[in-house]
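I opened this notebook to keep a record of what I looked up, residue by residue and space by space. The entries follow the order in which I went through the model.

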Amino acid sequence: SFSCKQNTEKQTKVGTWISLEKKSVELAAGTNEIVKFAITVPKDAGPGEHGGCITAQDTKSYGAKKGSGVLLGFRSAVRVAITVPGKIVKELSIVRIETKRLAGGNYSVSPVAKNSGNVSLDVQTRAQLVSKLGQQTPIKDDAKYPIMPGATMGWPYVFERPFWGGFYRARVSISYNANPADGLGENMGAVKKVRAESGYFFMIPAPQAMAVYAAAVLLLVGLPLWRLRKRR
């Protein structure tokens, strides 16, 4: 959910707020050096969270200016999250629920949420399938993710298809800390929960169950015909 721009791209927003004491350092083996930096937030910066990063890369892995070929460069990065004081908005909504049949016959259920606020949120998602007959799958609630302001993200859960198949719908909920005074990871007991349900969708039975269904249909159709012939 977070990625730094390439060195060749123009720095914008937080990238222009950060000034490093040094742009390059030379380190002997087994040594380290602290590089100080300053952040200058412009007066017209809006309240809420603003994201950026500071990266470090070995100059020997820079791309060659001449010749051809491929040279991979690897960077290390530190995320910078600056929260400007003002009106902090924490707002999360479920925009849709995506369901998909997988190649092996199981099904994927993905709640897709949008962070409409101006700070990142730590969220915990839950998902469950419920049939028209009231059958319920175990609840899956082991997913905890950060979602950045303005971002829309989905989290897939895989459910084993029921042996007999049938019509099911997905129930999902997402919990997050809605208190504007709390930062990320703080006071996770004070949560707000949003819920949503999908429409019913048909889950294809296992091949063995389909064979049983087919045999039952043949029996129901064939038995009356056999009795009719016997009477004749």
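Entry 1, Val-80. I began with Val-80, which is buried at a relative accessible area of 9%, where buried means under 20% relative accessible area, exposed means over 50%, and partly exposed covers what is in between, with a 1.4 Å probe and protein chains only. I note that this is a predicted model, in which local features need pLDDT of at least 70 and side-chain atom pairs count only at pLDDT 80 or more, while totals for chains, interfaces and linings use all residues. Residues are numbered from 1 along each chain as its sequence is written, and side-chain values use heavy atoms, with hydrogens and water left out.

I placed Val-80 in strand 4, helices (H or I, at least four residues) and strands (E, at least two) being DSSP runs numbered from the N terminus. Leaving aside residues up to four places away in sequence, I found Val-80 touching Ile-18, Ile-39, His-50, Gly-51, Gly-52, Cys-53 and Ile-54, with contact taken as heavy atoms within 4.5 Å. I also looked up Val-95, which is 15 residues from Val-80 along the chain, and the two C-alpha atoms are separated by 28 Å.

Which residues lie nearest the centre of the largest pocket? I listed Leu-20, Cys-53, Ile-54, Thr-55 and Ala-56, out of 47 residues that line the pocket. Strand 3 (48-57), strand 4 (75-84), strand 1 (18-20) and helix 1 (14-17) are the elements that give two or more residues to this lining, and strand 3 supplies the largest share, nine residues. The space in the largest pocket is about 1700 Å³. On a 1 Å grid over the protein atoms alone, a pocket is an open set of points with protein on both sides within 12 Å along at least five of seven lines, a cavity is a set of points where a 1.4 Å probe fits but cannot get out, and lining residues have an atom within 4 Å of a point. Grid points are joined across faces, edges and corners, and a volume is the space filled by probe spheres set on the points. By class I recorded 19 nonpolar, 16 polar and 12 charged residues in the pocket lining, with Ala, Val, Leu, Ile, Met, Phe, Trp, Tyr, Cys and Pro as nonpolar, Asp, Glu, Lys and Arg as charged, and the others, Gly among them, as polar.

I found one cavity of 30 Å³ or more, and the largest cavity holds about 50 Å³ of space. Its lining has 10 residues, of which Lys-90, Leu-121, Asp-122, Asn-177 and Leu-184 are the closest to the centre. By class, the lining of the largest cavity has three nonpolar, four polar and three charged residues.

Entry 4, aromatic pairs. I counted four aromatic pairs, under the rule that rings of Phe, Tyr and Trp (its six-membered ring) pair if their centres lie within 6.5 Å, with planes under 30 degrees apart stacked, over 60 edge-to-face and the rest tilted. Tyr-145 and Trp-155 form a stacked pair, because their ring centres are 5.6 Å apart and their planes are at 25 degrees. Tyr-145 is in strand 8 (residues 140-147) and Trp-155 in the loop between strand 9 (152-154) and strand 10 (157-159), so the pair ties together parts 10 residues apart in sequence. Tyr-145 is partly exposed at 33%, whereas Trp-155 is buried at 2% relative accessibility.

Phe-167 belongs to strand 11 (residues 166-176) and Phe-202 to strand 13 (residues 201-203), and the pair links distant parts of the chain, 35 residues apart. Phe-167 is partly exposed at 44%, and Phe-202 is partly exposed at 41%.
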